[in-house]
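Let's take a walk through a protein together. Have the sequence and the 3D view open, and follow along.

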Amino acid sequence: MWFFTRKGGVSEPPYDSLNVSTLVGDERSAVEENLSRIRASMSGRSSAWVRQVAGDGVVRVEEGRFGGEGDALVTGSAGFSLAVAIADCVPVALVGDGVVGMVHSGWRGTLKGISGKAAKEMGDPSVVRAYIGPGIRRCCYEVSEEVAGRFADRFGRGVVDGRMLSLAASIETDLREAGVAEVHDLGLCTGCRTDLFYSHRKEGPKTGRNLAAVALEPGGHGGGAR
Ligand SMILES: [Zn+2]
């Protein structure tokens, strides 16, 4: 799996430099160059992606191309990666037995249990390993009282501290409820580390998107993934 930082690309400020989105005002040619560098660093793999709509749709894809609308991708096919674009929302990579998944978990999708839903879509969730990537953390993520209340009701008081919300803790609870036994959290905050990651909260709408991806190894029967 890959959690790309914002470094190593060609986009000019405020999109510097490895921005993967053409929807934020960056030059298309720069984004294309960035994507081609990312592809090279993934051993030439193409990526399957979806139009992210902050929902809980899980899309099963068989090829490394546009897969429609949704916020999670699942595949049992090797040779291409599943990719999501992130600026504060939490990327969650799921590695099962001959199947992988990639989730874009914003607060709406988290509340709807998108990570657990994707894990269940992968067959037996108890063999799925989950990796919670760089996203905005409780230290930097203030939400409305109403949203904080909904999270506390759904995932327990421990996921909020006043109006500061932990998406990661909510996602972990969701995954464990779905039967996922192994959950790893990289612990990186996009809001604290704008030197490494784009943060919509800290930088406003004129910022880039980071790429997160996961792939099955070609010929990797039995859960070979990276
Ligand atoms: Zn932070």
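First, a word you'll need: a residue is buried if its relative accessible area is under 20%, exposed if over 50%, and partly exposed in between, using a 1.4 Å probe and protein chains only. With 5% relative accessibility, C189 counts as buried.

Some ground rules: this is a predicted model, where local features need pLDDT of at least 70, side-chain atom pairs count only at pLDDT 80 or more, and totals for chains, interfaces and linings use all residues. Residues are numbered from 1 along each chain as its sequence is written, and side-chain values use heavy atoms, with hydrogens and water left out.

The protein donors (N, O and S atoms within 2.8 Å of the metal, or 3.2 Å for Na, K and Ca; water is not among the atoms, so sites may look incomplete) are the SG atoms of C139, C140, C189 and C192, at 2.2 to 2.3 Å from the zinc ion. Along the sequence, these donor residues follow the spacing C-C-x48-C-x2-C. C139 sits in the loop between β9 (129-132) and α4 (145-155), and C189 in the loop between β12 (182-185) and α6 (200-203), so this pair ties together parts 50 residues apart in sequence. Strands here are DSSP runs of E, at least two residues, and helices are runs of H or I, at least four, numbered from the N terminus.

Why is the arrangement around the zinc ion called tetrahedral? Because the 4 donor atoms subtend angles of 104 to 118°, and four donors count as tetrahedral if all angles lie between 85 and 135 degrees.

Note on methods
Tetrahedral: all angles 85-135°; square planar, octahedral: opposite > 155°, others 65-115°.
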